[in-house]
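Thanks for coming, everyone. Let me put the structure up, and then we'll walk through it.

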Amino acid sequence: MANFPVINMGKLNGEERAATMEKIKDACENWGFFEVLNHGIPHEFLDTVERLTKEHYKKCMEQRFKELVASKALDGLQAEVTDMDWESTFHLRHLPQSNIAEVPDLSDEYRKVMKEFALKLEKLAEVLLDLLCENLGLQKGYLKKAFYGAKGPTFGTKVANYPPCPTPDKIKGLRAHTDAGGIILLLQDAQVSGLQLLKDGEWVDVPPMRHSIVINLGDQLEVITNGKYRSVEHRVIAQTDGARMSIASFYNPGSDAVIYPAPALLEKEAADDKKKLYPKFVFEDYMKLYAALKFQAKEPRFEAMKARETTAPIATA
């Protein structure tokens, strides 16, 4: 199998731009994932994010997780658990309105750093969306605009720790799923692995790489590209040794954004009448459906939105 795609964004400014854009295109079409280096976020800053995240887990969350494991009798599992995950998490919201000031137990330094990290990731997400536009032949800014609701995009972060697990064969760190949203940017542990994606029917490790940002595409980009780019199932395998840190930031459409296949892409596909058309829907409606069906296949979600579209057509702004 081909190697997991790693993109050196520094090469976008030189003679290797065309080859680098081709690598991004191949990753979007055939993997749904890629890892970026030289992305413009300083290494020292990423080291600070990692240090503060691990300190916060040790100080505020580790004991709570141990108590949860004890209360649910998860430490000596005999049978497989399929309705929960071996993870300790909290969530931050950045756009349209930040909640970082209200999240309990965060130190002032950690709040400040995570706010700055969100700004850097937001900028990187928008650069990446424009690179995708270029590869797709869409006007610059099209994907960013497609994500805009009345208040702009939705942007938030899930901070997760995956502690050592005594029975990784009985419970997943995180069960297999595709991501519902737009483009996801992940800072993952550089030492402890566990993230896997499904490619050609096989689970493939996403390699830990210091100071890289892992990018994956969500369901909304699959809809907007009418299946040219695809969201891909992924999961986290629990490990017996070492705690794995994961900071996943989701640059998603605004809740009231209307999502549908880009007309410019459909024109290019017009010659192929058999091409399946993805549905049109309001992002918030999709998220309500996703909340109940996250760990199931995405295709029935798309079909459900299509059925709803035929009974209640949505006007395009």
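Where is the place of Thr 20? Thr 20 sits in helix α1, residues 17-30. A word on the source: this is a predicted model, where local features need pLDDT of at least 70, side-chain atom pairs count only at pLDDT 80 or more, and totals for chains, interfaces and linings use all residues. Residues are numbered from 1 along each chain as its sequence is written, and side-chain values use heavy atoms, with hydrogens and water left out. Helices (H or I, at least four residues) and strands (E, at least two) are DSSP runs, numbered from the N terminus.

Back to Thr 20. Thr 20 is buried, at a relative accessible area of 4%. Buried means under 20% relative accessible area, exposed over 50%, partly exposed in between, with a 1.4 Å probe and protein chains only. A polar atom of the Thr 20 side chain lies 2.8 Å from the backbone oxygen of Glu 16. Beyond its neighbours within four places in sequence, Thr 20 is in contact (heavy atoms within 4.5 Å) with Ile 7, Asn 8, Lys 11 and Leu 12.

Now the sheet. Seven strands form an open sheet, in the order β1-β2-β9-β6-β11-β4-β3, with mixed pairing. Two strands pair if DSSP finds at least two bridges between them. β1 (6-8) and β3 stand at the edges with a single partner strand each, so one side of each has no neighbour in the sheet. From one strand to the next, the twist averages 25°. Axes here are lines fitted to C-alpha atoms, for helices over the stretch in contact, and angles run from 0 to 180 degrees between N-to-C directions.

Look at β11. Eight of its nine residues are buried, so β11 is largely enclosed by the rest of the structure. β11 pairs with β4 in the antiparallel sense over nine bridges. Val 159 has Ile 247 of β11 as its bridge partner. β6 also runs antiparallel to β11, joined by six bridges. There, Ile 183 stands opposite Tyr 251. On to β3: seven antiparallel bridges link β3 and β4, and Phe 90 stands opposite Val 159.

Last, helix α2, residues 43-71. α2 lies across β3, β4, β6, β9 and β11, at about 130° to β3. Its buried residues include Phe 45, Leu 46, Tyr 57 and Met 61. Among the elements covering the buried residues of α2 is α3 (108-136). After α2 comes Ala 73, with a positive phi near 55°.

Conventions
Polar contact = N/O pair within 3.5 Å; in protein donor to acceptor, adjacent residues only side chain to side chain.
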